[in-house]
Amino acid sequence: MKVASNTGPIIALAKISCLSILKTMFSEILIPPVVYRELLGKLGTEWEEIESALNDFIKVVEPNPSDNATELAIADLDEGERQTIKLASNMRENVLLLIDDKAGREAANRLNIPITGTIGILLMAKKKGCLTDVIRLIDKLRNSGYWFSEELIEIAKKLAKEDS
C-alpha cells in the first residue's frame, strides 16, 4: 500500500524517532512539492531524521489536476492539505492518506479517501510488531507540544491494549 502524507505526521513521527516505520510498513511514501518545502523549513531536533527519510524513502510527486468534486471539497484548506489530498485522490487505489488536520480529514472523508493520522500509524505499527509501547510515544509527542484530546488518548489506550 502507498501513503500520501501531509507535513504534520512526518514531523510528529520524526520527533519520536519513528519516521522509519513508514518505510517498513508501506510500499511507497509520497508527498507533494509544498509538503517537501514545508519539511525543508523544519529546523528542530527532528530535522536529521526527516532529511534522511527525504533522501531515502520519501518521494516528492506533483499531483495531477483533480476533478470538480475534489476541488470543491478541498477549496478551504491550506495548500499543503490541498496538494496532499489531490495526490491521494489521483491514486485512489491502494492508497492511505496520512493527515492529522481535522478539516483535511473531513474533506478526505467526503471524497471517500482512506485516512489515518499519526496515532493511527503508531497503532498500525504496534499491530504489525514494529512497536511495543504506543502510549509512551504519544506521551512523548504531547510533551513536545502536540495536542491530542483525552478522548483520543483513551481510544488509543484501548486499541493498543495499554492501560497506563
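Buried means under 20% relative accessible area, exposed means over 50%, and partly exposed lies in between, computed with a 1.4 Å probe on protein chains only. The legends below concern a predicted model, in which local features need pLDDT of at least 70, side-chain atom pairs count only at pLDDT 80 or more, and totals for chains, interfaces and linings use all residues. Residues are numbered from 1 along each chain as its sequence is written, and side-chain values use heavy atoms, with hydrogens and water left out.

**View 1. Glu-79 in helix 6.** Glu-79 belongs to helix 6; helices (H or I, at least four residues) and strands (E, at least two) are DSSP runs, numbered from the N terminus. With a relative accessible area of 35%, Glu-79 is partly exposed. Its side chain makes a polar contact of 2.2 Å with the side chain of Arg-82. A polar contact is a pair of N or O atoms within 3.5 Å; within protein, one must be able to donate a hydrogen and the other to accept it, and residues adjacent in sequence count only if both atoms are side-chain atoms. Between the C-alpha atoms of Glu-79 and Thr-7, which are 72 residues apart along the chain, the separation is 11 Å.

**View 2. Helix 6 and its surroundings.** Helix 6 covers residues 79-91, 13 residues in total, and spans 19 Å from its first C-alpha to its last, close to the 18 Å expected at 1.5 Å a residue. The expected span is 1.5 Å times one less than the number of residues in the helix. At the N-terminal end, Asp-78 caps the helix, with a side-chain oxygen 3.0 Å from the backbone nitrogen of Gly-80. Buried residues of helix 6 include Gly-80, Ile-85, Leu-87, Ser-89 and Met-91. The buried residues of the helix pack against strand 1 (2-5), strand 2 (28-31), helix 3 (33-40), helix 5 (68-74), strand 4 (95-98) and helix 7. Contact means heavy atoms within 4.5 Å.

View 3. Thr-70 is part of helix 5, and it counts as buried because its relative accessibility is 2%. Apart from its neighbours within four places in sequence, Thr-70 is in contact with Ser-89 and Leu-111. Ser-66 is located in the loop between strand 3 (58-60) and helix 5. Its relative accessibility is 19%, so Ser-66 also counts as buried. The side chain of Ser-66 forms a polar contact of 2.6 Å with the side chain of Glu-71. When neighbours within four places in sequence are left aside, Ser-66 is in contact with Glu-71, Lys-86 and Ser-89.

**View 4. The largest pocket.** About 480 Å³ of space lies in the largest pocket. Of its 18 lining residues, Asp-100, Arg-105, Gly-117, Ile-119 and Leu-152 are the closest to the centre. Helix 7 (102-110), strand 5 (115-116), helix 8 (118-127) and helix 10 (150-160) are the elements that each give two or more residues to the lining. Helix 8 supplies the largest share, five residues. On a 1 Å grid over the protein atoms alone, a cavity is a set of points where a 1.4 Å probe fits but cannot get out, whereas a pocket is an open set with protein on both sides within 12 Å along at least five of seven lines; lining residues have an atom within 4 Å of a point. Grid points are joined across faces, edges and corners, and a volume is the space filled by probe spheres set on the points.

**View 5. Two residues with positive phi.** Most residues other than glycine have a negative phi. Ser-17, in the loop between helix 1 (7-15) and helix 2, has a positive phi near 55 degrees. Its relative accessibility is 52%, so Ser-17 counts as exposed. Lys-161, in the segment after helix 10, is not a glycine and has a positive phi of about 60 degrees. Lys-161 counts as exposed because its relative accessibility is 73%.

**View 6. Lys-15 in helix 1.** Lys-15 is found in helix 1 and counts as partly exposed at 26% relative accessibility. Leaving aside neighbours within four places in sequence, its contacts are Glu-46, Lys-140, Leu-141, Ser-144 and Tyr-146. Lys-15 and Leu-159 are 144 residues apart in sequence, and their C-alpha atoms are 22 Å apart in space.
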